[in-house]
Amino acid sequence: MGDEKVKNEAMEIMGLFQILPRLVVFDLDYTIWPFYCECRSKREMPSLYPHVKGILYALKDKGIDVAVASRSPTADIADTFLDKLGLKSMFVSKEIFSSWTHKTDHFQRINQRTGVPYNKMLFFDDENRNIEAVSKMGVTSILVRNGVNLGALREGLSKFSQNLASVERNKRKWQKFSEKPGSSEKDKK
Ligand SMILES: [Mg+2]
């Protein structure tokens with residue numbers, strides 16, 4: 001499938017959801033490309049998983065920001081590859097550094113830089129420990145097995161709206177709890 005076709009399908013998928021994330025964050029190695037960039041040379045021409053470019057273009061078209069959270073120890077190679085792929089300027093925040101935490105510090109930085117709350121972010125990564133740690137911060141996080149593709153996008157958007165709906169439900173529950181009795185007839189079922 002060409003980039004344009006993937007982009008159109010991604011646009012269709014996004015059209016199925018009423019609420020969309022404000023920011024989508026991607027890991028790099030084995031999430032957008034099928035290798036560890038620390039094992040490669042800057043001189044090489046990298047390639048992405050087949051759906052990645054189309055998905056990035058669709059997000060951009062839809063006005064959704066994209067960012068990178070990678071624990072790669074070779075930020076210079078990662079940067080060179082993103083540049084060669086024509087993606088470097090796409091990301092509003094690029095956090096590429098090795099760390100003992102499972103990307104919680106990456107997300108703190110992304111949050112500081114962009115001002116986007118954690119529950120308005122969607123994250124794709126191929127490592128379960130990152131998914132677990134970042135979900136606990138309130139970010140909808142999706143484990144990918146063969147890189148980001150249209151299936152993962154659909155899964156991510158669907159989980160994102162479920163999570164946000166449950167946050168809203170809880171908020172309403174607490175509002176009701178704190179209101180004076182009889183003050184909110186409209187909330188009665
Ligand atoms: Mg990875």
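So, helix 1 and helix 6 run roughly parallel to each other, which here means an angle under 35 degrees. This is a predicted model, where local features need pLDDT of at least 70, side-chain atom pairs count only at pLDDT 80 or more, and totals for chains, interfaces and linings use all residues. Residues are numbered from 1 along each chain as its sequence is written.

The axes of helix 1, residues 3-15, and helix 6, residues 150-178, cross at roughly 15° and come within 10 Å. Those axes are lines fitted to C-alpha atoms over the stretch in contact, with angles running from 0 to 180 degrees between N-to-C directions.

Who does the touching? Helix 1 brings Val6, Glu9, Ala10, Ile13 and Met14, and helix 6 answers with Leu150, Leu153, Arg154 and Leu157. Contact means C-beta atoms, placed from the backbone, within 7 Å.

Now zooming out. The chain has six helices and five strands, taken as DSSP runs numbered from the N terminus: H or I of at least four residues for helices, E of at least two for strands. Along the sequence they go α-β-α-β-α-β-α-β-α-β-α. The C-alpha trace spans about 70 × 40 × 25 Å along its principal axes. And of the chain's contacts between residues at least 6 apart in sequence, 70% join residues at least 24 apart.

How values were computed. Parallel < 35°, antiparallel > 145°, perpendicular 65-115°, else oblique. Contact = placed C-beta atoms within 7 Å.
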